[in-house]
Every structure is written in structure tokens, then in C-alpha cells.
Amino acid sequence: MNVLLTADRRSAVRGDNLGKRARKSDAVYQDLKRKILTGEMTSESPITEQSLAQDYGCSQSTIREALMLLQECGLVVRRGYQGTFVTDPSPLEARLMLKLRIDIETTGIVEAVKYVCEEQISDLLVLEEQFEACHEKRDVFGCAEIDRSLHLTLFRIGQMPVLEPMLVRTFMILQRVMLSEARSEESWAAPSVTRHRTIIDALAAHDVDATLKALKCHILSSAVNLAPHIYGADIMQLHNQVEALPVQAIGLQKI
């Protein structure tokens, strides 16, 4: 399984007429995505097609294709003649995105319980092992890529393809929020995050309630572990807030 391409539903097979440029744009896209998600590139970073083409040794059309893909994911915004800028989600947007992710994924996981098979559980376990290996190496971007691939694999089992592009965009923006700040050693060494394995085991047992609980706990615990500056440090309080309606009413209140 090609995690880097599968995670974003990017095709590994491109037309012959695209050839080398398509492969190069994939590589540029991946590298720019890494820089954005890990905070190396920020909303203050200038982005021009000409300078990037020089940096990566390729044509501006190749850069343009990579930037369009990043825009589809919500990581950059292109403002006509003003140029291209890394997105900078507000606290309200970050809270709304978290609620949206929970709503989409929990709906998908209920469907996944109906359809999941042993082969799909095996694929999920492989991804879980890859994630843990990246975690041991403190590989922020590797963890992000595999985590997204694992969750999209979970969602695809539920057979709801119309919602998948929304989930990908939501996931990307949340990773932009959660990963751009430097992580403490404590968050690496003893993270209070519900493991993927808990979700997979509950799914394999076809236990709807346990799977739902594990997925929600995983998403919420990840938020408070990786972005307490946005979501606070109290998982129960965050749970109550994302369950509340509307999110706009509680989005900016102090935790």
C-alpha cells in the first residue's frame, strides 16, 4: 500500500502525456505538504511559482499543479495576483473542523461495522504497525501521513465515497492546526491518546458502541494532546463542547 498517495486518494497511475511532470508534481506536492503540516512553512512564508520552480528545479506549470492540489486540501489559498498563501485557520474554524470530522467519521464507522472483513482488518493492522514505528522514531510527518491513511481506510470500509473529499480536507486542516506547533517530549513519550488498535479491535468484534467510543476518544484525545492551545487540556470538557450546538456559540469561549 502506497501510504503517501493513498492517504489523499491520489492516483499512482498517471497518463503517458503527463509523464515526468506528473511524477515531479507529486514529489513537490508531498514536500510542500510536509513543510506546511510541520510548521516549516507558515502564512508568513512567501510562495511564488517562480521561486519554487527554481528551488525544485522544475517548470512553473509543475509547481502550479502541486499548488492546486494543496489548495484542494485546504492547505493553501490562491488569491489571484496577490499570490499563494498557507492557510491559517482561526480557533473557531479549528473547532468547527473538529466537530465536522467527528460527525463524518462516526457516521462512517457505524457503516463500517456492517461491512468490514478480515482482509480489511489486516490492512488496518499493517497501517497501525507502520504508525507505531514512525511514532518510535518521532517522525511527525510520517505519523501524519499514516494516521490519515488509516482513518481514510476505516472510512472507505463504510462505503460513503461522496463524503470522502470533505473528510480529506477536514483532516488536512486539522493536521495543519495540530502538527505545526513543536511537540513536547512528554507528548511523545507518554501521550494520553486512545490507540488505533483499540478502534481496530472493536471494529473486528463488530461492536458498534465500542467502536464509536474508541474512535471519539481517539480523535478528542489527539486534539488535547497535540493542540491544547486550541482545544484545551480537558477531554471531557472538549467532548461536551463539540457535542453542543451550535459550535459557533462555544467556538471562542475560553476553556
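Modeller: Ala, Val, Leu, Ile, Met, Phe, Trp, Tyr, Cys and Pro count as nonpolar, Asp, Glu, Lys and Arg as charged, and the others as polar. The model discussed here is predicted.

Colleague: What makes up the lining of the largest cavity, by class?

Modeller: Sorted that way, the lining has twelve nonpolar, seven polar and five charged residues. Of the 24 lining residues, Phe131, Asp147, Arg183, Ser222 and Leu226 are the closest to the centre.

Colleague: Which elements line the largest cavity?

Modeller: Two or more residues each come from α6, α7, α8 and α11. α8 gives the most, with five residues.

Colleague: How do you know that the buried residues of α10 line one face?

Modeller: The residues in question are His196, Ile199, Ile200, Ala202 and Leu203, each under 20% relative accessible area. Seen down the axis of α10, they fall within an arc of 165 degrees, so they line one face of the helix. Their cover includes α5, α6, α7 and α11.

Colleague: What is Leu203 in contact with, beyond its neighbours within four places in sequence?

Modeller: Heavy atoms within 4.5 Å make a contact, and the partners of Leu203 are Ala112, Val113, Val116, Ile121, Leu124, Leu154, Ile157 and Thr211. Leu203 is also among the residues with the most contacts inside the largest nonpolar core, which has 40 residues.

Notes. Residues numbered from 1 in each chain as written. Predicted model: local features only at pLDDT ≥ 70, side-chain atom pairs only at ≥ 80, totals over all residues. Heavy atoms only, no water. Core = buried A, V, L, I, M, F, W, Y, C linked by side-chain atoms within 4.5 Å. Buried < 20%, exposed > 50% of the residue type's maximum accessible area, 1.4 Å probe, protein only. Helix = DSSP H or I, 4+ residues; strand = E, 2+ residues; numbered from the N terminus. Arc of directions from axis to C-beta. 1 Å grid on protein atoms, 1.4 Å probe; cavity = no way out; pocket = protein on both sides within 12 Å on 5 of 7 lines; lining within 4 Å.
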